[in-house]
Amino acid sequence: MENESKKDGKNTLSAKAPLKRDASAIKRSFAHHMEYSLGKDEFSGTDHDTYSSLALATRDLLIERWIKTQQTYYNENAKRVYYLSLEFLIGRSLGNSLVNLGMYGEAQKAMKELGYDLEELREREWDAGLGNGGLGRLAACFMDSLATLELPAVGYGIRYDYGIFFQSIRNGYQVETPDNWLRLGNVWEFPRPEYTYVVDFYGRVEYFNDPQGRLRKRWVDTEQIVAVAYDTPVPGYRNNTVNNLRLWSAKASREFDLNYFNDGDYIKAVSQKSMSENITKVLYPNDNMFEGKELRLKQEFFFVSATLQDIIRRFKKTHADFSAFPNKIAVQLNDTHPAIAIPELMRLFVDVEELEWDEAWTITAQTFGYTNHTVLPEALEKWSVELLGKVLPRHLEIVFEINRRFLESVAGKFPGNTELLRDLSIIEETNEKKIRMANLAIIGSHSVNGVAALHTQILKDTVFKGFYSVWPEKFNNKTNGITQRRWLKLCNPELSSLITEAIGPKWTTDLFELKKLIPLAEDAAFRQKWAAVKRQKKEQLAQYIFSRNGVEVDPDSMFDIQVKRIHEYKRQLLNALHVATLYNRIADNPEGDFVPRTVVFAGKAAPGYAMAKLIIKFINSIASIVNADPRVQNKLKVVFLRNYAVSNAEKIIPAADLSEQISTAGTEASGTGNMKFALNGALTIGTMDGANVEIREEVGEDNIFIFGLESDGVKKLVADGYDPQEYYYKNTELKRVLLQVQHGFFSREQPDLFKPISDALLYGGDRYLLLADYESYVKCQDRVAFQFRDRDAWARMSILNTANMGKFSTDRTIAEYAKDIWGVTPVPIKD
């Protein structure tokens, strides 16, 4: 979104007076868009048309503020944040926009008067699933907080034609189908064909002397693809700020290659165009094949090159040179995916803008900040030197030069320490030389942050220990958060109303206000109201489960929920083993006094991740047996909800009694699902991992269920030689369950189906220490069940969890980024 034509800073054109937000105005605008934007009437309009008309009416109210916001930033020459993320898991926009505009109630009233139900209309919107999980959802929450805090910012990413795949479950197996989220259009976006940039690939580097006789380099004989901008307005909460999310779509540099037409090969001309546009076709291709890796590298470079060209264009309108660049621009890299931006900015400065290397490097390093999101070695991105040299030959040269200069400076400070140089080098000297993108990101940034206190400490102590010894001042922590506008006010209006009635509405912009709930935890009447809201949300989820899975669940049972991406380190398998243990206990003693429990799983496995997909099948096979056994009907139910996404997370999370956050200590960078559940009054069962550590500090050890090894214990156990069979033989319940897995109890039609699971645990090293933590986990679950019997005490603990979530708002996180890393200040947009 740009508004740059007014040199005097005055609005010379105005379409009309500011639009009103009452129900009558909404109805008029709704009818106008149905007729004039969609060309329909009340008889021909479809359900989707009805949604679109309301969305367009809502969008109109954003546009006025959007234009004014961008013009104000331009007039005030404000320093801006550019947030680069390969993923933005936006979800649905209508409800969030209505909440932030402060007109949800009026829209509800308007639709009711027209004979529509707002909640049903919201269901017509397709999730914008432009992310795999927490990384992309965090980016979306950050955009909400940036606008709410009135900070000048632009988000940059990719407009994928197909988002995260649609997951269906057939015979217990995950089946992936394309997520064609754009098939009915996207009313929230604005194509900007006037903002297009050429992005180069392949080719070669040519040396030449410029008119001053200096040796220069240029990238020639390249394949070119055009990046086209699509803008989406991002409103702040009840203010006038509407920031911009700019996503790039790939188009062929020419519609067709005329050479192929001249040769009579129309099909080849069309296929070449399609291949060019494949770059933004699908979110993250499966990268276990060489071609997949090449496409992913091209995705990463495509979006950062277009973004940096856009940033430089905007900067040059008001600046004659680049000396002020870091004073006006802060670029944040959301993980290593955009790290290729560092050599690309150097190329643009040195080769295109003709800055000297030292000046260019000083500006570059002062501009970038790097957020790390993982401690798993396999997740720290690396590219082979051969591949990078093929796709981006000039950038490989620049990376080598950055590395040479950096290692020379380190060698000067730490003479003779070759081990340190090997550790810090951007180039990994293995059989196949690789570029370590995390090392490049650290060297090329002025700030490196982790996303939870434990995570940042692990980065300092182990993952980036060498860099921390050289640059301790670069490292800092910024614990992740969530936006309470979406993850409480929008998704749990019943609890939001109860909270607002009790303490007022200020918590929507200052989550620490929830501390005022603490004394109310001792109020029996308030606890009853709190429990009644939870019961209502559980009834709603029970209806949803029945509509999706055909399984009836008891809202009075404990809702024990684990919803997140399926990965071995997140240990859905440990949860499943506990479910199998509960089943055995109940089957052995059907008349026993058990706390009824409904265990809900949801999450997607990467299409190429065989073990994760087998775990989904395992969970569904357990569910089939448990749910069909009359001995356990009222005591245990198991459900796997298909196609986990932002929109159904908004239904699931408010209904949880127990939140499963059970990753192996030292593997989860932060997690944000843990925060969403606790904000909605769920109690956490978890390890001392990621942000669980800080949640425990905030809510108190009496209001959370902690089990298992801590990160230091994990390291020690592994170093001492972990033997999973030792745990297998000394725990009879564990042994029984694993024998059932081995011998086909849960897969009677194919007895060896789940043998890879038991083999990985018993003979494959049990990398994530499930067997080591099993006994502690089961005992902790027994404590949970005992506590749940006292519903009044549970309600008290639930209130205290919500009351102590103030720290975990992205408003707090973003305020820290703004102050400590970006150096940006609010720019209020006046009426």
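**Sheet architecture and nonpolar cores**

In the predicted model, an open sheet is built from six strands arranged in the order β21-β20-β19-β22-β23-β24, with parallel pairing. The edge positions are taken by β21 (636-641) and β24 (705-706); each has a single partner strand, so one side of each is left without a neighbour in the sheet. Strand β20 (residues 597-602) runs parallel to β21 and is joined to it by six bridges. Within this pair, F601 is placed opposite F640 of β21. Helix α32 (residues 791-803) lies across β22 (658-661), β23 (683-686) and β24, and runs at about 85° to β23.

The largest nonpolar core comprises 116 residues, of which F201, F302, F325 and W822 touch the most other members. Helix α9 (residues 290-316) supplies the largest share of this core, with ten residues. When neighbours within four places in sequence are left aside, the contacts of F325 are I311, I312, F315, L345, F349, I363 and T367. Another core, of 70 residues, lies apart from the largest one; L574, Y609, I662 and V737 are among its members. In soluble globular proteins, nonpolar side chains tend to be buried together.

A buried glutamate was also examined. Residue E694 is located in helix α26 (residues 692-699). The relative accessible area of E694 is 3%, and the residue is therefore classed as buried, the cut-off being under 20%. Residues up to four places away in sequence not being counted, E694 touches A452, A453, T479, K807 and F808.

Conventions:
Residues numbered from 1 in each chain as written. Predicted model: local features only at pLDDT ≥ 70, side-chain atom pairs only at ≥ 80, totals over all residues. Heavy atoms only, no water. Helix = DSSP H or I, 4+ residues; strand = E, 2+ residues; numbered from the N terminus. Buried < 20%, exposed > 50% of the residue type's maximum accessible area, 1.4 Å probe, protein only. Contact = heavy atoms within 4.5 Å. Core = buried A, V, L, I, M, F, W, Y, C linked by side-chain atoms within 4.5 Å. Pairing = 2+ DSSP bridges. Axes fitted to C-alpha atoms, helices over the stretch in contact; angles between N-to-C directions.
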